[in-house]
Amino acid sequence: MRDMSCNQVEVQQFLSKYQSAFTRRADGSSWPKWERTWRHATEYFQGLLRPGKSKSVVDIADQTGADQEQLERFVRESPWEHQNVESHLREEVPDEVQGPDAALIVDGMAIPKSGEKSVGVARQWCGATGKVDNCQVTVNCTLARAGEQHNSDQVTWPLGARLYLPKKWTGEDDSVYETNREREKYAHLSEEAGIPEEVSYQPKYEIAVDLIDQAMTAGPEHACVVGDTGFGKYPAFRKKLRARNEPYVLEVETSKFVVVPEETTVLEPGSTSGRGRPRKHPAYPEETDAETPEQIAARLEKQGGWRRVTWNEGTKGGLSGEFYRTPVRVVKDRSNRWLADETGWLLLKRPSGEEGEGELKAWICWGLDKASLEELVSWGQLRWTVERFHQDTGRELGADKYQGRTWRGFHHHLSAVMLAHAFVAERRLEEGQDREDLASFAEVVRQIVRESAVQRLMENHGFDRPKAREVAVDMLREYSDW
């Protein structure tokens, strides 16, 4: 891969596409001193791309020479709307990221916190620590496309994110508070955080549906929605996607998800049950065995039927596993033999015994009847790109480093991080040849910063390019974790 040559003109050309998002309200109106807002947007954006693990407003102001107090106000209370930034991102999706093999991916991102005053913080499941912990949780929607030859060549584009608010933060259900004092405490915290009045409690899967709706309105080409069990286990989530005619490949719980063969006879409502009473729900016959993915997998160990599929090339060779699919109808209530109206492919991945791959995986795939086994496997395995997205936005751009406590400030920071991620994603694509041999996200960030330092040394100190590059690399290694 050739050397990155990203200059300040290219940074400004990218940002110019988003200027109205930082200087105009949704109705098109602006505000006094909008030019200052735009200047701070540029400073904050550039600060997120600077080296160093800390991305606090203090650090960004120090690194960019910005006024700290004004930059804090830009993030905490400036009138620009994060929704406008996300809307622009959905309209600017590169062609290389979308296509019939791309997928919308919904997922949660946990941000550990030590205190209790940051907006939305609570003791809840924290993926970052792998246990119930004190944290904030966002719901994210990204568009991802697998690398055509190498797993590392996958490309991801951010489409939207929103903070999940536990019920204690919305004040809609008095039963969640242990005492009246606790209820009053959270009412005060919510007011201090500036949570908009129109924001009410939503489970994570409903937030995901809102983000998917916004993505569908923008129209990037994709094949399906992909998500883990945190979303796939909810029948209401899957039903909402079917109502939108949105195909999905969603991971389900292997011990709780129950199915029967798709060709099973359906006993329609109104027909007489064995007790002589008319049925209220579609049901399956008593002689039909309903099974969980675990039970089906145990049967396959005796009967056979697994098929090895290679879905991409990794750093250590082909990425492959043993899979099985079968057409099924989902069971709504096993004890009463009630059937749901949901059919599709049940996709299983056999435990391999390797580190991190030692458990059975299962997905329900709807709206993809004509898809091959290889295509279903590719979409199911594509979800790993979200983990990569979380690592990149956290480690390189400071998604989890915002120290403010307000709703507006949190979403301002998150949308700026998504914008910086999009810039790096564009740079990766511009340097790749036919989407092959793409540099890693971290490599591109470092190349962008190094080139910025080289140009500053040439402009301000008269160095020629070789000398400027030598000094820039030495300084970055000396004063950062590079």
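In this predicted model, 51% of the 482 residues of the protein count as buried. The accessible surface comes to about 23,400 Å², and carbon and sulfur atoms account for 43% of that area.

The overall dimensions come next. Along its principal axes, the C-alpha trace spans about 90 × 60 × 40 Å. The radius of gyration is 25 Å, which agrees with the value near 23 Å that a compact globule of 482 residues would have.

The secondary structure consists of 16 helices and 11 strands.

Charged side chains number 66 positive and 80 negative. The centres of these two sets lie 4 Å apart.

The cysteines remain. A disulfide is a covalent bond between the sulfur atoms of two cysteines. With a cut-off of 2.5 Å between cysteine sulfur atoms, the protein has 0 disulfides. Cysteine 141 is in no disulfide; its nearest cysteine sulfur belongs to cysteine 224 and is 12 Å away. Is cysteine 141 buried or exposed? Its relative accessible area is 1%, so cysteine 141 is buried, the limit for that class being under 20%. Cysteine 365 is likewise in no disulfide, and the nearest cysteine sulfur, again that of cysteine 224, is 8.2 Å away. Cysteine 365 counts as buried because its relative accessibility is 0%.

Notes:
Residues numbered from 1 in each chain as written. Predicted model: local features only at pLDDT ≥ 70, side-chain atom pairs only at ≥ 80, totals over all residues. Heavy atoms only, no water. Helix = DSSP H or I, 4+ residues; strand = E, 2+ residues; numbered from the N terminus. Rg over C-alpha atoms; globule rule 2.2 N^0.38 Å. Buried < 20%, exposed > 50% of the residue type's maximum accessible area, 1.4 Å probe, protein only. Areas by Shrake-Rupley, 256 points an atom, 1.4 Å probe, with all protein chains shown as cover. Lys, Arg positive; Asp, Glu negative; His and termini not counted. Charge placed at Lys NZ, Arg CZ, Asp CG, Glu CD.
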